[in-house]
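Visitor: I would like to learn how to read strands and helices in a model. Please take me through some cases.

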Amino acid sequence: MLHGLWSPGAGLMLWDDEITTGDEPDLPSAHAQVLTRTFRHRAAVSFPAAGPGATAQAPVQIPAIALAPHDAADLLLRTPSDHALISGDLRFLAHVTRGIERWVRGGRVVPALKLIDGQWWPRWRLVGGERQRAWLSELSVSMPSVQRANERPRKILDDMVDELTDPIVKSLLGRPDSEHPLLSALVRDDPYSDGTQQISTLLDKWRASLTVDEPSLVLRLLEPDDEADAETDADTDESAESFWTLQVCLRADGEAPRPVPMSRKVDATLLSIAVRKLGEAVAAYPRLRDVPSQEGTLDLLLPTSVVIDLVEHGAMALQSTGTTVLLPRAWTRLDPSMRLRVESPAVTKAAADRAVGMDELVSYDWQLQLGDMVLTEAEMNRLAVSKGDLVRLRGQWVLADGGQLARAAKYVAEHHGDGTALSTLMREMTLADPPPAPVQDIRATGWAATLLEPGAVPETIPVPHGVDAVLRPYQQRGLDWLAFMSRLGLGAVLADDMGLGKTLQVLTLLAHEQHPKPTLLVAPMSVVGNWQREAAKFTPALRVLVHHGPARSKGDDLDREIAQHDLIVTTYALMAKDRAQLSEQMWRRVVLDEAQHIKNAGTVQAKAALAIPAEHKLALTGTPVENRLDELRSILDFANPGMLGRPSDFRKRFSVPIERENDENAVSRLRAITSPFILRRVKTDPTVISDLPEKNEMTVRANLTAEQAALYKAVVDEMMAQIADAKGMKRKGAVLSALTRLKQVCNHPAHFLSDGSSVLKRGQHRSGKIGLVEDMLDSILGDNEKVLLFTQFREFGELVAPYFADRFGAEVPFLHGGVSKTKRDAMVERFQGDDGPPIMMLSLKAGGTGLNLTAANHVVHLDRWWNPAVENQATDRAFRIGQRKNVEVRKLLCVGTVEERIDSMLVSKQGLADLAVGTGESWVTEMDTAELQELFRLSEDAVGE
């Protein structure tokens, strides 16, 4: 008896059970001819159990004949349904094949393009749709047990239909002549030389447009009941687990998703579709099988652990079945970060007796942050012992790495101190046990606030009368910083770029101090004369001695000359040669110009610089790092000896992780340690550890569409009505909610509505922003360059990433908080490759740290975050170590909206913005009603033509 088995990837496998009685009828000729072939393949056949309770047999390897799709289709179409020597499993496969033929004869086929071995091959496919899926579902139920033993029935049927449709269509069409190259390749079974991903995508979209009569399944995740959660939040002990509702909805084309209740009023056809599609979804994501359902509905009740797995893994599996998963709007993923809090007195010990500033005493402790929230000890304990990574915190659901939170909480508990030397605190961050999360914020009191807090402004120093120059604003800030560091007795590195006036700033500092002790300045021979000329020009009252040449003073003569001058200028060579006598002097300050001359700590010059004592040490360099991070360590070790530990420890904890592995946590720690002691200014404001090409930033304005303008006005009207009589937290909540919703409106109507509707409407853009971005991408990709697209909203990225992928015929990976570390690393590695995707979308929080994406030299911020530091941190994914091209940064906003007005405020009042806006958007809630009305008002010119 002849048996058949369809094997995905191998095609039709035939075998003969060789059981004969001698009086069987002959096989049909086609089948008899097939059996003349050699049984050179092996089919793994699993036979069903012999009886009730019996165990199924293990797969048996049986000699078989393998038929390619063309031969398989021909044989199966000629297989009779009642022949005694044709087995039931082979008759089933023949029945499926005849069903495919009926669909083909009914015209329910379309062409498609497949990329096989580097060539585009045209293939015929069934259109699909509700009726075809129902047909396949019926077949899967009646599939013989031998056929279904090794694979899921639906997987086998889908593969069989996909493989046999093309040869069946071609057998019916023959080979008609055609001048169109695509049709000619299709009927002649030739590769299509002009094939592209874009054509393939267009054919797939056309096929999808032919099945719009069928609603799609949408699973909407709803948060647990607020009152129950409030009770849980109030209890610090473990309490009953919350259950999330996974609401079952159907969505017709162009409509919002609608729940499917279990009642007599529901259309039986729709209910049948919902049940069938839910079954397919459960089969694709089996974890839904074991969860309870809500009584009287199709909805499922999910424990938190399943919710986390659904978002991280299940959503992708469900997407393959055409199922959409909608997450709650308010649900956010927050990455933990560390904050250092330092307390110090207002007056330093150094100010009183000129002691070395690194011995100043401070008190400190560490804090743990999630987003902008500084966690209390009770909150840290609760998060650390929670059952999963999804918890309710201060009224919102937060997804965070529970393991990392536990490690961070332990670190916070163990690391604090009172009366600790500043050098000890700094060295703690170089230890082998670093903070378990990036250090993103430092808060301090007293003198330490000016030293440690980013953006802190030292006291302004009036330019002395003896200085014959007008300082530019950044030079004035440099003077203020140098005077502050000098007053504290802390060594410093002035790392301004060449030509920005380091010489003038140092000369002005000396004129300001008028200290009785002299300053020793060491410089390359080529610039010694420049220092002499600059001093005579800008600070003529400053007494300058050039210690150089064979006739230079020595012994007592040199001592007397040093005592009679304010500034002694010498070279690196003579500093090393005259080290003994120079080390005996009482120097107010030692300044190293072009300090990269001591970048190698083992050289004679570097050792001589360390050996010369001074109350204050200052290094000047436009290139604090030329080749290796060890150079930065050597320069800082001169300014503040021992601050970064031994060279071997520094290489182990910083140089290797940063230079070889791009370890962002190590970068974060190094910046936190070094930034208080380095002032770096260049045109592009790079990080303190690397020189970068230019960064060109521009604000790009888009007009709202009429649909966006109508939604915008409705949100503003609703907010103004809500705050008319509201006060306190209720008013603030309404303002912040409106601000978020207005941002969503400016992005895209579908983003605000969360209705799953399309990006375009009748072929026209519904969002002015997306239309503008599409033009940008066209130009960027036309130049064969790569781009990063940042958004603060995950749902917006999930809306537009597939659209851009279809529009440009290229993969558009989307990195967000739900992407696992393994997939995140693979995504980054693929994008960084020469043949990687040209576009990458990232959520601002998940993609704003920990990544090296220098393959891109274009950055587009689709929606603005009102903390410039957060945007800059995201931009630095491309604008960082390894970038070789100028980086073009575009920040999008909508004309005449709140986006434009806040941007204007940031530009015109940057100093205020750094203080008021730096922690988020809460400052907007403090405005009075009239100010809010003006801030949110929609201008008449907001809507495009």
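Guide: Start with pairing: two strands pair if DSSP finds at least two bridges between them. Strands (E, at least two residues) and helices (H or I, at least four) are DSSP runs, numbered from the N terminus. This is a predicted model: local features need pLDDT of at least 70, side-chain atom pairs count only at pLDDT 80 or more, and totals for chains, interfaces and linings use all residues. Residues are numbered from 1 along each chain as its sequence is written, and side-chain values use heavy atoms, with hydrogens and water left out.

Visitor: In what order do the 7 strands of the open sheet run?

Guide: Strands of a sheet pair through backbone hydrogen bonds, either parallel or antiparallel. Here the order is β22-β23-β21-β24-β25-β20-β26, with parallel pairing. β22 (544-546) and β26 (678-679) are the edges; each has a single partner strand, so one side of each lacks a neighbour in the sheet. Thr519 has Arg589 of β24 as its bridge partner.

Visitor: Which strands pair with β14 in the antiparallel sense?

Guide: β13 (residues 336-343) is one of them, joined to β14 by 8 bridges. Arg341 stands opposite Asp365 there. β18 (residues 416-421) is joined to β14 by 4 bridges, also antiparallel, and Val362 faces Thr420 across that pairing. β15 (residues 373-374) pairs with β14 over 2 bridges, again antiparallel, with Gln369 opposite Val374. In the β14 and β15 hairpin, 2 residues lie between the strands, and Gly371 takes a positive phi near 65 degrees.

Visitor: Why is β14 largely enclosed?

Guide: Count buried residues (under 20% relative accessible area, 1.4 Å probe, protein chains only). In β14 (residues 361-370), 7 of the 10 residues are buried, so the rest of the structure largely encloses this strand.

Visitor: Which residues make the contact?

Guide: Contact means heavy atoms within 4.5 Å. Among them are Ile770, Val773 and Leu777 of α30, and Phe796, Val800 and Phe804 of α31.

Terms used:
Buried means under 20% relative accessible area, exposed over 50%, partly exposed in between (1.4 Å probe, protein chains only).
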